[in-house]
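Hello,

Here is the structure I promised to pass on to you. My notes on it follow below, and I hope they are handy when you set up your own work.

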Amino acid sequence: MFSYIIKRVLQMIPTLIGVSILVFILIHAVPGDPARLVAGNDATEEDVALVRDRLGLNEPLYAQYGTYLVNLAKGDLGTSLRSNRPVMTEILTRFPTTIMLTLMAIVIMIIVGLFAGIFSATKPNSLRDNATMMFSLFGISMPVFWLGLMLILIFSYYLRILPSGGSDSFKYFILPALAIGLSSSAILARLTRSSVLEVIHQDFVRTARAKGVKENLVIYKHTLKNALIPIITIIGLEFGHLLGGAVLAETVFSMNGLGRYVIQSIQFRDYPAIQGTVLFIATIFVIVNLIVDLCYSLVDPRVRYD
């Protein structure tokens, strides 16, 4: 397994370089001059030219990317044009908010999605099965920002039991975590239902029932355990989706996380901040996918990494 981990870590390098190239090209294709924003609205053309020269924006794109890559190899993500602080410092300041929000959303997704999927699969084509699938269809169809606004309207405006924005304590994370977690739980519910239905009619499940094993043990010990691999896969993929959903959730709920930081950086044309944040999130995502792959061997002993 150690050699497999080393191999996957080495494969991350070209993946992340590809991400950095794509982000670099896209942000430079967006109209706007960051030098003008840095210099200010009252700056003269000479002042803007000096700022552009200081930031290295007059150099060809390949030279700018080469400089960025050299600094990246040293662990330097650059300096934010907006705050004049190291991008890594800005990221680490906001990352706890985003990871807290994402982990809470994953917990909601797993609890609601697994329960709904199993609840639906144990009685296929019944009233509860149809009701659960209607719920999942609603969750998939509703945009995160709309669901977030509805939660604010209900729990903050009418009931006044939860705050509508901020990230000062645990209660501030409940509504945004629900907004992005419920959407992903709908996808997990549908996948769990199909995976459980595929396993529940196999011979070893019939044998367990014939031996008199309690139904709860049949479902949770025998059936669910053998249906976990696709479920674990979708949880890993949804982690990236939840990180992306955090961009909208943090904006709607005014949270000081990486998502809101990216939006502010895009508005300011803060190239180093955009590149550094996207690369940081991409690194987290590929690490999570590696962990998901390693979990396969824990769920299914037949999986080997030689």
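**What I found**

Ile21 sits in helix α1, which covers residues 2-29; helices here are DSSP runs of H or I with at least four residues, strands are E runs with at least two, and both are numbered from the N terminus. Please keep in mind that this is a predicted model, where local features need pLDDT of at least 70 and side-chain atom pairs count only at pLDDT 80 or more, while totals for chains, interfaces and linings use all residues. Residues are numbered from 1 along each chain as its sequence is written, and side-chain values use heavy atoms, with hydrogens and water left out.

Back to Ile21: its relative accessible area is 35%, so this residue is partly exposed (buried means under 20%, exposed over 50%, and partly exposed in between, with a 1.4 Å probe and protein chains only). The C-alpha atom of Ile21 is 9.4 Å from that of Gln275, although 254 residues separate the two along the chain. Another such pair is Gln202 and Thr223, 21 residues apart in sequence, with 9.1 Å between their C-alpha atoms. Gln202 belongs to the loop between α8 and α9 (203-210) and is partly exposed at 33% relative accessibility.

**The chain as a whole**

The chain has 13 helices and 0 strands. Its C-alpha atoms fill a box of roughly 85 × 55 × 30 Å along the principal axes. Of the 306 residues, 42% are buried. Among contacts (heavy atoms within 4.5 Å) with a separation of 6 or more, 72% join residues 24 or more positions apart. The accessible surface is about 16400 Å², and carbon and sulfur atoms hold 66% of that surface; the areas come from the Shrake-Rupley method with a 1.4 Å probe, and for residues only the protein chains shown count as cover.

**Cores**

The largest nonpolar core has 63 residues, and the members that touch the most others are Leu101, Ile180, Leu188, Val196, Phe239 and Ile284. Such a core is a set of buried Ala, Val, Leu, Ile, Met, Phe, Trp, Tyr and Cys residues joined through side-chain atoms within 4.5 Å. Helix α5 (residues 87-121) supplies the largest share of this core, 13 residues. Phe239 touches Ile99, Thr102, Ile106, Ile284 and Val288, leaving aside residues up to four places away in sequence. There is also a second, separate core of 9 residues, with Val23, Ala35, Leu57 and Ile274 among them.

**A buried serine**

Ser185 is in helix α8 (residues 171-200) and is buried, because its relative accessible area is 0%. A polar atom of the Ser185 side chain lies 2.6 Å from the backbone oxygen of Leu182. Ser185 also touches Ile108, Met109, Val112, Gly113 and Phe135, again not counting residues up to four places away in sequence.

**Two backbone angles to look at**

Most residues other than glycine have a negative phi. Asn125, however, has a positive phi near 65 degrees. This residue is in the loop between α5 and α6 (127-141) and is exposed, with a relative accessible area of 65%. Arg269 has a positive phi too, about 60 degrees, and is not a glycine; Arg269 lies in the loop between α12 (258-268) and α13 (271-299).

Happy to talk any of this through.

Best wishes

How values were computed
Polar contact = N/O pair within 3.5 Å; in protein donor to acceptor, adjacent residues only side chain to side chain.
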